[in-house]
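Please look over the structure shown here before reading on. The paragraphs after it form a guided explanation for a reader who is new to it.

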Amino acid sequence: MRNISDNTFQLGVFAPNMWGGLTRTTAEQRWQATWDNNVAVGKMADEAGMDFLLPLAQWSRLKGQAQTDGHMLEALSWAAGMLAQTERITVFATVHTPFLHPLFAARQAVTCDHIGKGRFGLNIVSGSAEPDFQMFGTPMRDHDERYAYTEEWTTLLKRLWQEPEPFDFHGEFFHLEGVFARPAPYGGDRPVLISAGSSPTGRRFAARHADSLFMAILSLEGLADQITATRADAGRALPMYGAGHVICRKTRQETEEYYHYIVHEKGDQEAAEEVRRTIFGKGQQSVPREVIDRMTERLISGGGTFPIKGDPDDVAQTFKQLSDAGLTGMAVAMVNYLDDLPILRDEVLPRLERMGLRNTPVTGAAAS
């Protein structure tokens, strides 16, 4: 099986393909996800020795004051372009299984995998936003049936990558004749598969079919027990990642002032409410309803993901706490990736290296 990274605590850039990223704000610093900006961020993360790039997939437009909310660069074609522009970093695409046929996905993924010479990975999600299903004219099954569909979809995907001869497939959801997808993935080993789900059904799916699990992190309290229990249920040392957002400045005071400006002065309340209604709406079981009702501020600052806020020492210590709890790594979003990634690169990553959580990146001729 391919390995994303040898770092003890792995870090990736999350959702740079989305206008605004995960932050619901009308501030002028709001992220503009142009292709040129994405390439600049991808190259910066690659050169800094970060481990992966993970795009978000979202189809319906969110209501809110920000004119670009809900705009995105499509994840599979984005991944192909990013792989062509980078050298070492793993690049994921995120796909909603109800909206993409597994035969088409298998061939798109292999094309990406050959472009990146084995650096491609796939984030498989079942979908939870009802407006997305309405846009595609696809019935939204109940939670567990969506995972049953995704399980069959993923089984087909793996067989298409692995089997050199055409085969027939007859399951509950797919009835296919003579399906075939060549060439095989780059180097003969399939792309890394990740699954984002924290419900019991989602965790069981990840244990059976994925190489790692992205989980919802509500707080540090009890996280270690949750990770231990999930791995025990999986019956293996399942790599587990979280999704977060980083707001970091050189001092705590600067960070608090910036956070107040972005969230409290310029926060897009209407967009945050729409996220709560749609993304955390009908049928999702990852985050308890009573928790969602209290997290408006967190939805504004980072789409409901785990907040990491403070000066570089604070941010590094938070990452260490997450690592000590057993987390393999984290995908992090930022208010403005081009503005905010340099302090992560120059101040936080060296601290993590000194803590023994990350290796010193190899650059230049030595990397080649």
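This is a predicted model: local features need pLDDT of at least 70, side-chain atom pairs count only at pLDDT 80 or more; totals for chains, interfaces and linings use all residues.

Residues are numbered from 1 along each chain as its sequence is written, and side-chain values use heavy atoms, with hydrogens and water left out.

A nonpolar core is here a set of buried Ala, Val, Leu, Ile, Met, Phe, Trp, Tyr and Cys residues joined through side-chain atoms within 4.5 Å. Buried means under 20% relative accessible area, exposed means over 50%, and partly exposed lies in between, with a 1.4 Å probe and protein chains only. The largest nonpolar core has 97 residues, and the members that touch the most others are Met50, Leu122, Phe319 and Met330. Apart from this core lies another of 11 residues, which includes Ala27, Ile247, Tyr258 and Ala272. For Met50, the contacts (heavy atoms within 4.5 Å) beyond four places in sequence are Leu11, Gly12, Val13, Ala45, Ile89, Leu341, Leu344, Leu349 and Arg358.

The helices come next. Helices (H or I, at least four residues) and strands (E, at least two) are DSSP runs, numbered from the N terminus. Axes are lines fitted to C-alpha atoms, for helices over the stretch in contact, and angles run from 0 to 180 degrees between N-to-C directions. Helix H1 (residues 35–47) and helix H2 (residues 75–85) have axes that come within 10 Å and cross at roughly 50°. H1 and H2 are therefore oblique to each other; angles under 35 degrees count as roughly parallel, over 145 as roughly antiparallel, 65 to 115 as roughly perpendicular and the rest as oblique. On the H1 side the contact is made by Trp35, Asn38, Val39, Gly42 and Lys43, and on the H2 side by Trp78, Gly81, Met82 and Gln85. These residues divide into four nonpolar, four polar and one charged, where Ala, Val, Leu, Ile, Met, Phe, Trp, Tyr, Cys and Pro count as nonpolar, Asp, Glu, Lys and Arg as charged, and the others, Gly among them, as polar.

H2 also meets helix H3 (residues 102–115): their axes come within 8 Å and cross at roughly 15°. H2 and H3 are therefore roughly parallel to each other. Here Leu76, Ala80, Leu83 and Ala84 of H2 meet Gln108, Cys112 and Ile115 of H3, a set with six nonpolar residues, one polar and no charged.

Two buried residues may be visited next. Asp314 lies in helix H12 (residues 312–324) and is buried, at a relative accessible area of 17%. Beyond four places in sequence, Asp314 touches Arg252 and Lys309. Thr90, in strand S3 (residues 90–96), is buried at 9% relative accessibility.

Some backbone features close the tour. Most residues other than glycine have a negative phi, and most peptide bonds are trans. Ala15, in the loop between strand S1 (10–14) and H1, has a positive phi of about 70° and is buried at 0% relative accessible area. Lys117, in the loop between H3 and strand S4 (120–125), has a positive phi near 50°, and at 56% relative accessibility Lys117 counts as exposed. A cis peptide bond, with omega about 10°, joins Arg182 and Pro183; Pro183 lies in the loop between strand S6 (175–179) and strand S7 (192–196).
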